[in-house]
Amino acid sequence: MISPHLPALQIVLPLLSAPVCVLLRRSILTYAVTVAICWLTFAIAVLLLQQVLASGPISYRLGGWAPPWGIEYRVDTVNAYVLLIVSAIGAIVITAARPTVEREVGEDVQYLFYTCALLCLAGMLGVTITGDAFNLFVFLEISSLSSYVLVSLRRDRRALTAAFHYLIFGTIGATFYLIGVGLLYQATGTLNIADLAVRVAGVTDSQSVRAAFAFMVVGIAIKAAVFPVHIWLPNAYAYAPSIVSALLAATATKVAIYVLLRVFLTIFGPVFAFSTMPLGEMLVALAVVAMFVGSAVAIFQEDVKRMLAYSSVAQIGYMILGIGLATSLGLTGGILHLFNHAVIKGGLFLVMACVFYRIGSVQLVDFAGLGRRMPWTMAAFVVGGLSLIGVPLTTGFVSKWYLILGALDKGWWWLAVLILLSSLLAVIYVWRVVEVAYFRAPPEAATRLEAPVSLLVPTWVLIAANIYFGIDTRVSVGVAKRAAEALMGVGA
Amino acid sequence: MEWAGLYNYWIVIFLMMAGLYVVIASGNLIKKMVGLNIFQASVFLLYITMGKVQGGTAPIIEEGIRVYSNPLPHVLILTAIVVGVATTALGLAIIVRINEAFGSIEEDDLEKPEEAS
């Protein structure tokens with residue numbers, strides 16, 4: 001009855017409940033609605049993934065118009081997986097939002113916070129599910145515009161400048177993508193992604209198709225904060241409200257990376273992207289620089305949230321590395337890291353939310369003695385940090401393992417060494433926080449101040465997921481492998 | 001004289017570069033927004049240009065008319081214009097709040113090292 005319309009409901013539910021939140025206005029009511037909707041979208045994503053795994057890709061015609069003329073929602077293994085990640089993180093993070101939003105966001109705009117969170121979620125899910133290149137642009141802007149608002153909502157004036165820079169960069173990125181889509185339409189006369197894939201193959205010699213490729217890659221790379229165009233990210237994450245940092249770090253860049261995958265591998269195809277264009281080598285080079293520069297800069301940060309933001313730049317490098325390897329093994333590592341990093345960073349930024357809620361600061365010096373004052377919170381940080389480094393039995397290990405396998409498979413042993421070395425840099429910045437928190441005496445008159453349960457439980461759900469998916473890799477690796485093979489055109 | 005026939009595209013490229021340059025080079029936030037708008041407008045023009053078919057009329061079914069311009073890019077760009085308007089509105093709103101909080105909209109003033117407020 002409802003099940004054939006699940007792909008549409010995935011988007012329509014959060015999109016339509018956003019205006020409902022504006023009408024409700026009461027902060028507590030909007031929170032309740034938002035949480036309920038987020039969990040519903042999560043349930044839909046689970047059902048969709050089950051359907052796809054059981055019976056292959058789903059094609060949904062919006063308004064009954066047949067593709068390639070109408071807009072098509074197309075769910076296959078790859079985006080069903082991404083939908084699941086985004087909606088799961090969204091649901092968990094938004095559930096934790098209530099206490100910190102009350103503290104960090106002005107009382108009169110709290111309902112707008114939840115409205116924008118819903119819009120942001122709708123946009124990201126839309127980008128993931130749509131099978132239409134132009135529709136993708138529209139959803140991209142829905143999610144971006146609402147995330148600029150989310151960043152600017154904190155009662156700290158630096159959040160405003162961070163949001164403004166994010167807006168400038170994001171808009172340039174989206175417009176570049178739009179130019180690319182325009183040039184492609186000019187060459188092929190279609191906007192449907194599956195149809196584009198067929199037709200682009202016939203015109204790859206054309207100068208304008210190559211230009212389209214370049215525009216789309218650069219545009220999406222800005223959104224994904226791939227190394228040289230990442231500079232909007234640290235400030236946006238550092239000055240955004242704690243919950244927004246967790247939400248964006250765990251989902252927004254992941255969705256952008258998914259779009260990169262789609263553009264490279266579905267629209268243009270692996271042959272064009274990696275043989276005709278020297279994209280693989282370029283991506284690997286940029287990824288390696290990102291891994292080292294991101295981690296190295298992270299080591300010198302005094303603001304722990306900013307440190308995690310720079311570490312995100314490095315982690316995005318690992319995902320790009322997986323794509324750049326251009327083999328299905330490397331891609332499996334990249335897609336796995338997409339999932340794992342969402343779980344790791346979502347958890348770690350929620351830890352920051354806990355700390356900020358109690359201490360009112362995330363400066364490194366204020367972490368002194370927190371190991372004793374907030375034992376559960378800091379324990380979560382330690383586990384999340386271990387996973388970030390890639391210690392065995394955590395998720396971070398699994399994805400790095402596949403990346404190293406991918407590198408060795410290509411005979412690039414030096415790359416495997418570089419992956420290991422850059423992981424050692426992560427040890428340094430995680431250790432800096434652990435040292436201050438556990439081995440430095442707390443300020444006098446400090447009492448034990450554990451974060452509220454409503455924050456701790458979601459944090460620990462994500463952190464526990466780090467361990468669970470580090471040990472039981474059947475689901476995450478299995479799906480990532482199928483997704484990678486489908487994208488590379490092996491097996492399907 | 002093939003290039004002269006493509007003058008629309010030359011205008012697109014000029015506007016695109018000019019807009020992007022203003023965004024990068026200008027230190028004033030309002031001017032940055034203006035640059036961003038010019039940049040976006042160039043893309044609108046690109047889409048509108050590609051929809052034109054030589055000798056084509058408006059896409060209305062009428063007897064005796066066989067060649068129509070492609071209406072799809074025009075429709076697409078309506079959506080993109082809406083997105084552009086939303087972006088501009090949001091950007092200007094943030095600039096107003098920056099001005100309230102910092103007392104300036106010059107980038108040089110905003111980047112001065114400062115204590116957390």
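This is a predicted model: local features need pLDDT of at least 70, side-chain atom pairs count only at pLDDT 80 or more; totals for chains, interfaces and linings use all residues.
Q: How is a pair of packed helices described?
A: By the angle between their axes and the distance between the axes. Take helix α3 (residues 77-95) and helix α20 (residues 474-488) of chain A. Their axes come within 8 Å and cross at roughly 140°. α3(A) and α20(A) are therefore oblique to each other.

Q: Which residues make that contact between α3(A) and α20(A)?
A: From α3(A), they are A:T77, A:V78 and A:Y81. From α20(A), they are A:S476, A:V479, A:A480, A:R482, A:A483 and A:L487. By class, the contact of α3(A) with α20(A) has six nonpolar, two polar and one charged residues.

Q: At what angle do α7(A) and α9(A) pack?
A: Helix α7 (residues 157-188) and helix α9 (residues 207-224) of chain A pack at about 155°, with axes 7 Å apart. The angle is over the cut-off of 145, so α7(A) is roughly antiparallel to α9(A). Their crossing is left-handed. The contact of α7(A) with α9(A) has 18 nonpolar residues, five polar and one charged.

Q: How do the axes of α1(A) and α2(A) cross?
A: They come within 9 Å and cross at roughly 175°. That makes α1(A) roughly antiparallel to α2(A). On the α1(A) side, the contact includes A:L6, A:L13 and A:L24. On the α2(A) side, A:L29, A:I37 and A:Q51 are among them. The contact of α1(A) with α2(A) has 15 nonpolar residues, six polar and no charged.

Q: What can positive phi values tell a reader to look at?
A: Most residues other than glycine have a negative phi. Here, A:R25 has a positive phi, near 65°. A:R25 sits in the loop between α1 (6-24) and α2 (27-55) of chain A. A:L393 also has a positive phi, near 80°. The place of A:L393 is the loop between α16 (375-389) and α17 (395-409) of chain A.

Q: Which residues lie closest to the centre of the largest cavity?
A: Of the 14 residues that line the largest cavity, A:S143, A:S144, A:Y166, A:K223 and A:A252 are the closest to its centre. Three elements of chain A each give two or more residues to the lining: α5 (110-129), α6 (133-152) and α11 (242-276).

Q: How do the lining residues of the largest cavity divide by class?
A: Nine are nonpolar, four are polar and one is charged.

How values were computed. Residues are numbered from 1 along each chain as its sequence is written. Chains are lettered from A and ligands numbered from 1 in the order in which they are written. Side-chain values use heavy atoms; hydrogens and water are left out. Axes are lines fitted to C-alpha atoms, for helices over the stretch in contact, and angles run from 0 to 180 degrees between N-to-C directions. Helices (H or I, at least four residues) and strands (E, at least two) are DSSP runs, numbered from the N terminus. Angles under 35 degrees count as roughly parallel, over 145 as roughly antiparallel, 65 to 115 as roughly perpendicular and the rest as oblique. Contact means heavy atoms within 4.5 Å. Ala, Val, Leu, Ile, Met, Phe, Trp, Tyr, Cys and Pro count as nonpolar, Asp, Glu, Lys and Arg as charged, and the others, Gly among them, as polar. A crossing is left-handed if the near helix is turned anticlockwise from the far one by less than a right angle, and right-handed if clockwise. On a 1 Å grid over the protein atoms alone, a cavity is a set of points where a 1.4 Å probe fits but cannot get out, and a pocket is an open set with protein on both sides within 12 Å along at least five of seven lines; lining residues have an atom within 4 Å of a point.
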